[in-house]
Amino acid sequence: MTGPQLADESALFRDLERLATAGRHRDVLDGLARLPAIVREGRTRSALLAAEAHGRLGEHDAAVRWADLAITLARARGEAHAELRARNYQGLIALRHGDVADAERHFAAALDMARALGDHTTEARCLNNLGILANIRGDPEAALASYRLALVAYQHAGHVRGMAETYHNIGISLRDQGNPRAALGAAEEAVRLATQASDEQLVALAATGRAELHVALGDAAFAAAELKRAAERYTRIGFRAGLPEVWRVQAAVARARGDTAAAVSLLTTAADLAREYGSTDTLADIERDLSVTLMAAGDTARARAASDRAVELYKRIGAVRSMERLISSQ
């Protein structure tokens, strides 16, 4: 390959990486599809972009294939930092699919590798992801400890997007500790940083988390407006995998307003789409909320069926405390 061709290829990859940073993952895949197959499937950089984009869009099988290819290419070429990114992506893909033990194995290996390489950004990502695992398993204290370490590493690297993701996760753990006011403060910081990073997908995610806290604190009107904007953002960038969580929280708004029928409809639609995208932890929460809503509506049989599905999903991802709370509430 000649010098000008290499320069053109590098410029193209930089453009695609900017799209990925902005959360425009469908555009990334469209750009990769226009590349010659020998470039698309023969470059570690393109395989990493494809793995992340498919993973962010909830397309599990394609994400696994590209992450495995990225690992193979990186090892063959001695590209240690690229191999590290691919290991972290493998963990994320497994986590989104509910394979928690596999996710933890990948994150722990990637964390060791990141520290050996002095890669603060990937170290922070691994710590953030291990925090998510701890929270899923019902240990918000351990999750918060991981998140705080992740924040330090992200700050050291000047990674605003990562800081936004971590503050969003801190809000979830504080909420799970029963501290919605403190959680709201973290959620506000997540929205601010996501906006600063100009990442539409992350803004929608952080805004959805903030909206759920406003519902809990009695401000359903603010939450409804926030969720409408989040759904519009996800639709605009083609990120349908984010919609089930928006609809789940919109159902909470409907319940707060006494509209049980609307809540059931939203949760049923959300469950269908979450199932399509393989979002196991989101689906578990949707089925839990559907059970509670149906029970309130007097539909005991369907409520128990939804509860049973939620229990099985929580069991699959190791969310023991969530499972126990749901069982004890029946």
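Q: What makes a set of grid points a cavity rather than a pocket?
A: A cavity is a set of points where a 1.4 Å probe fits but cannot get out, whereas a pocket is an open set. In this predicted model, a search of the whole structure on that basis finds 1 cavity of 30 Å³ or more.

Q: How do you know that the largest cavity passes the cut-off of 30 Å³?
A: The volume of the largest cavity is about 50 Å³, and the search counts cavities of 30 Å³ or more, so a space that cannot let the probe out and has this volume is included.

Q: What makes a residue part of the lining of the largest cavity, and which residues are they?
A: A lining residue has an atom within 4 Å of a cavity point, and the residues that meet this condition are Ala-51, Glu-52, Gly-55, Arg-56, Tyr-89, Leu-92, Ile-93 and Arg-96. Two or more of the lining residues come from each of the helices α4 (44-56) and α6. By class, the lining divides into 4 nonpolar, 1 polar and 3 charged residues, with Gly counted as polar under the scheme used.

Q: Why is Asn-88 called buried?
A: Asn-88, which is found in helix α6 (residues 80-96), has a relative accessible area of 2%, and because buried means under 20%, Asn-88 is placed in that class.

Q: What makes a group of residues a nonpolar core, and which members of the largest one touch the most others?
A: Members must be buried residues of the nonpolar types, joined through side-chain atoms within 4.5 Å. The largest such core has 86 residues, of which Leu-32 and Tyr-314 touch the most other members. Among the residues that Leu-32 touches beyond four places in sequence are Phe-13, Leu-16, Leu-49 and Ala-50. A second, separate core of 25 residues includes Ala-124, Leu-184, Val-203 and Ala-206.

Key. Residues numbered from 1 in each chain as written. Predicted model: local features only at pLDDT ≥ 70, side-chain atom pairs only at ≥ 80, totals over all residues. Heavy atoms only, no water. Buried < 20%, exposed > 50% of the residue type's maximum accessible area, 1.4 Å probe, protein only. Contact = heavy atoms within 4.5 Å. Helix = DSSP H or I, 4+ residues; strand = E, 2+ residues; numbered from the N terminus. 1 Å grid on protein atoms, 1.4 Å probe; cavity = no way out; pocket = protein on both sides within 12 Å on 5 of 7 lines; lining within 4 Å. Points joined across faces, edges and corners; volume = space filled by probe spheres on them.
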